[in-house]
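The sequence and structure come next.

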Amino acid sequence: MRRLDVVSPFGSETLYVGPGNSLSQSFVPSHDGLFSFRFVVLNPALGGAKRYHLQILDKEKTLLREMSVTQSNLSWGLPIRFDFTPISKSKNQKFYFAIKSPDENKLEEQGVRNFNEQKLGSSSAEIKPDVREVIEKTQIQLTYSKQDVYPLGELFYNDLATYGDLNFETYYTGSVPRLLADTAVDFGKKMTSDPLFFVAYLGLLIGLGMVIIRSYRMSIKSPRPY
Amino acid sequence: MKVIKNVVSQINRAPTLQITIAILSVGFLLRCIIAPFTLNWDLLANTKTIYSWSQLSSREFYEQPLATYPPLTYHTLSFFLRSSMVLLGPNFTKWVNLPDLFLLTDPYIFRYLFAIKLPYILLELTTAFFFSKIFALRLQSKALLFWMLNPIALFTLTAWTNVDVLPILCMVLGIYFYLRRGSIVWSAVSFGFGVAFKLFPIFAVPFFLLTLRSWRQRVFAAALIALPVALTHYPLLKVSAYWAHVIFGGQSQNVFYFSAIPLGLDRVLLFFYFSYALILFHFSTVSRRKTLLPLYMWCSLLPIFLFSKFNVPWMYWLIPLLIMHLISQKALSFSHSLYIFYFLIIFLSQASLNIGMLAPLEPTLSTLDWPVRDVLKSGQTNNLLSICQSIFSAALITVAWIIYQKKIDPLYEKA
């Protein structure tokens with residue numbers, strides 16, 4: 001059983017990941033038991049053979065969890081679930097998610113870099129049509145938002161911080177009673193974070209309860225046909 | 001025990017003002033408890049579409065894939081939304097356009113859901129009240145209570161948020177004005193507004209016209225019914241997207257043409273038209289048409305449920321039929337199979353129709369896809385769904401048959 005922890009909302013921007021071009025995102029879980037990271041991939045070569053390493057690193061960039069996938073594991077526009085052995089002490093700790101390609105290809109490396117630098121506005125170098133076609137048809141992209149939608153974390157392109165955040169969700173796991181208790185606590189927090197609604201809503205429920213009791217009593221004592 | 005006995009005795013008597021208020025309050029309370037914590041994605045999609053109603057031209061508006069209701073419905077829903085803005089607050093517009101998971105974690109989500117749903121709930125209470133008024137005095141409180149507690153009504157309206165409450169209210173008012181007030185004019189106008197809100201009440205119209213005595217009355221009533229429909233559709237005559245999209249597109253192909261038996265080359269017997277015509281022809285042969293109108297009117301919608309893969313919230317159309325069935329029983333019994341298999345269909349469907357609707361309480365539930373299919377695999381799930389729909393259909397016919405057999409005159413007798 002899993003429960004949603006951190007959400008960074010979907011955006012429409014994309015960055016490529018390919019040989020020599022990696023992306024990473026820092027994040028801070030608010031619960032212990034971190035065990036899943038979801039992100040959105042656009043994979044133009046369904047069933048392709050290119051390889052990727054998905055990694056979870058700690059704040060010192062020490063590798064904690066890793067999974068290797070190929071393009072045949074990735075789809076177009078759907079969230080990819082990277083589940084791993086739960087990290088018991090994750091609450092309020094800084095982690096990094098990283099996606100890297102172990103493949104080597106100088107042409108693709110340069111092409112992907114040119115594309116990403118154009119997208120990030122740091123270069124306006126022209127991309128040759130044949131290179132453009134190869135990159136667009138073979139390399140995966142991850143979706144991100146150009147705004148700082150997740151203030152607790154940062155997006156990194158080739159280990160350099162860039163403005164914006166990857167679109168991602170993290171999940172944590174734990175015993176069923178603990179997850180249910182967390183749901184109840186979050187429910188209470190949500191209710192009380194809108195005090196005007198909370199008071200009005202509670203007043204309405206109590207008021208209706210009183211009307212029911214009063215109407216029932218009066219219907220026995222002095223019924224009024226109409 | 002004494003309280004329960006008292007309640008039962010109060011409900012079996014002619015209604016008093018206090019007991020009517022008590023029953024309506026029970027219904028309102030239940031709906032208030034459910035409303036802020038349940039969400040179907042149709043509600044958000046509709047709300048976004050309603051928002052664009054006043055911003056786009058008719059042509060642009062109906063080119064949107066989610067613009068699927070006639071114009072009167074959008075006028076009304078847009079009015080509801082604007083009226084609710086006091087409760088919704090200034091950040092509502094931003095909220096409704098947020099990505100799904102972010103929207104679910106918003107601290108104001110309960111307020112937003114409650115405020116959006118409130119007009120629908122109040123309309124339902126009005127519908128139930130007028131529907132109860134068509135019955136004999138001793139049955140009115142019972143009818144009202146059964147509607148207020150009906151789980152299908154609670155699910156399809158309060159949890160789901162169903163715009164069909166608008167045409168259903170018009171149909172109920174049509175029956176009320178006709179049977180209780182003896183007004184053909186107001187009855188016809190109500191039916192007309194029902195059709196202008198959504199097209200399905202049109203199936204009930206021929207039944208109403210057949211109860212009128214002369215052809216002159218029928219032509220007059222038909223003209224009154226056509227009036228609101230014509231007035232609201234006139235500005236859309238040249239908007240081809242509306243006709244292609246709302247009238248002849250969407251689900252209509254599935255509902256009217258999918259179930260068929262091949263009769264020969266290029267010819268099929270369409271179940272929907274066959275069974276609808278059968279019910280109408282049978283109605284034309286019965287002697288007490290006016291008394292039987294409510295039963296047949298709602299039975300005219302049965303072919304949609306029997307012979308199509310209907311949308312689960314459409315079940316709200318049949319609530320009046322279910323209430324008629326409940327009060328025609330001497331003991332407090334009802335067709336368990338109908339309710340069980342309806343909710344089994346929902347349980348076997350994708351998570352967004354069942355557990356996923358509790359996502360405002362626990363956003364993780366919105367990320368579930370189709371838990372039953374994950375366990376049973378696609379083929380088995382579809383087989384189970386087909387079995388459930390078949391048994392549900394049989395239960396539905398049984399319910400209609402039971403009401404018919406009971407000779408329902410006593411249900412409408414005057415005090």
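## Terms and basis

Buried means under 20% relative accessible area, exposed means over 50%, and partly exposed lies in between (1.4 Å probe, protein chains only). This is a predicted model, in which local features need pLDDT of at least 70, side-chain atom pairs count only at pLDDT 80 or more, and totals for chains, interfaces and linings use all residues. Residues are numbered from 1 along each chain as its sequence is written, chains are lettered from A and ligands numbered from 1 in the order in which they are written, and side-chain values use heavy atoms, with hydrogens and water left out.

## Cysteines

B:C32 is buried, at a relative accessible area of 0%. B:C299 is also buried, at 9%. Zero disulfides (pairs of cysteine sulfur atoms within 2.5 Å) are found over all chains.

## Helix α12 of chain B

Helices are DSSP runs of H or I with at least four residues, numbered from the N terminus. Helix α12 of chain B (residues 184-197) has 14 residues and should span 20 Å at 1.5 Å a residue; its end C-alpha atoms are 20 Å apart, which agrees. The expected span is 1.5 Å times one less than the number of residues.

In α12(B), 10 of the 14 residues are buried, so the helix is largely enclosed by the rest of the structure. Among them are B:S187, B:F191 and B:F197. The cover over the buried residues includes α5, α11 and α18 of chain B.

## Helix α3 of chain A

A:V176 belongs to helix α3 (residues 176-192) of chain A. The residue is partly exposed, with 41% relative accessibility.

Terms used
Helices (H or I, at least four residues) and strands (E, at least two) are DSSP runs, numbered from the N terminus. Contact means heavy atoms within 4.5 Å.
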